[in-house]
Amino acid sequence: MLDLLPLLEDLGIQGLRVGAKEISGFCPAHEARTGRANTNTQAWSINRETGAHICYSCGFKGGLADVYRAVGEAVPEDLESELAKQSIEASLARATREETVYTQTSPMIMDLPWLRSFPPMPENMLAHRFIRPEAAQMYDLHWDFDGKRWVIPIMSPHGELMGVQYRATGQRPDNFPKELEKSTTLFGLHLIPPTVKIVVVVESPLDVVRLWCAGVWAVASFGVYISDAQLDLLSRNFTMVVVAVDNPAIDKAGREALEPIMARLRRRGCPAIVFDYTGLVDRDGNVAKDPGDVADDYSLYQAFRHSLGIRGNP
């Protein structure tokens with residue numbers, strides 16, 4: 001098997017970390033593509049078997065030859081043929097295995113052991129979303145290597161597996177099974193201790209996990225629309241709801257949805273306040289669109305406190 005690590009070291013790529021199937025490091029084309037220095041080690045990864053690579057920050061992707069070109073080096077003549085041979089041999093080996101490692105199966109046998117048969121999330125994908133491995137484990141996030149997508153469980157309010165949501169970069173979420181009624185539950189609700197009475201409601205499950213990393217309990221509605229059933233769950237389980245739809249200052253859908261959500265909660269006798277996005281920025285220094293954009297745990301926690309009218313250090 002062609003060892004990519006010494007090749008990448010010879011090309012001068014920094015911050016290399018070797019995983020079972022991928023090598024991550026500083027993107028060799030990030031600064032040329034964006035005009036900014038690369039400060040995220042985990043954003044770029046390359047498959048050790050095929051040489052296929054992608055930077056989840058700037059979008060640089062392709063084959064190993066593109067990496068050579070990005071750093072201004074000539075591409076070795078036999079490089080592509082060697083990688084192609086290696087990839088074919090590996091594919092044949094996988095095809096002859098008797099045991100299937102994991103599969104997307106039918107709802108009749110969909111349970112937690114099935115969910116957990118998917119591999120854990122790759123660390124570089126978690127780091128790109130500012131999520132720690134222990135948070136991914138707590139919320140049962142997994143990775144579909146065949147589809148290159150997140151596997152996000154959709155649980156009932158009582159913690160029973162209803163289905164999963166597959167999320168791939170640049171694609172709309174795909175729910176399984178198709179008839180899944182996710183509007184009857186809230187992501188993360190079953191994990192919140194009964195003593196917690198103030199909760200943040202967000203659009204995306206990954207924002208829930210990000211907020212937990214910052215010490216804030218949250219639930220997600222799986223989109224900007226919150227159903228009556230979801231509002232009932234919020235009003236029955238919590239005495240205060242902090243509404244964190246996508247930042248209304250920069251997101252039209254969030255701006256249009258905010259007041260109706262607040263009014264519908266108040267009609268149910270549940271006090272609601274708006275999440276304070278003031279001062280929150282994304283990795284590039286732009287105004288944050290949602291809590292998942294924010295890298296700093298302390299800033300997120302302080303934003304939650306400010307939403308409640310609490311000032312000063314915790």
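Analyst: Let's start with a pair of strands: β1 and β2 (residues 22-25) run antiparallel and are joined by two bridges. Strands here are DSSP runs of E with at least two residues, helices are runs of H or I with at least four, and both are numbered from the N terminus. Two strands pair if DSSP finds at least two bridges between them. This is a predicted model, where local features need pLDDT of at least 70, side-chain atom pairs count only at pLDDT 80 or more, and totals for chains, interfaces and linings use all residues. Residues are numbered from 1 along each chain as its sequence is written, and side-chain values use heavy atoms, with hydrogens and water left out.

User: Which strands stand at the edges of the open sheet of five strands?

Analyst: The strand order is β1-β2-β3-β4-β5, with antiparallel pairing. An edge strand has a single partner, so one side of it is left without a neighbour in the sheet. That describes β1 (17-18) and β5 (61-62).

User: How far apart should the ends of α10 (residues 252-267) be, and how far apart are they?

Analyst: The expected span is 1.5 Å times one less than the number of residues. Helix α10 has 16 residues, so it should span 22 Å; that agrees with its end C-alpha atoms, which are 24 Å apart.

User: Where does α10 bend?

Analyst: We compare axes fitted to the seven residues ending at a residue and the seven starting there; the angle between them is the bend. In α10 the bend is about 30 degrees, and a proline, P260, follows within four residues of the spot, which is L258.

User: Which residue's backbone oxygen does the side chain of S227 reach?

Analyst: S227 lies in the loop between β11 (218-220) and α9 (228-237), and counts as buried because its relative accessibility is 9%. Not counting residues up to four places away in sequence, it touches S183 and R264, where contact means heavy atoms within 4.5 Å. The backbone oxygen that its side chain reaches, at 2.6 Å, belongs to S183.

How values were computed. Buried < 20%, exposed > 50% of the residue type's maximum accessible area, 1.4 Å probe, protein only. Polar contact = N/O pair within 3.5 Å; in protein donor to acceptor, adjacent residues only side chain to side chain.
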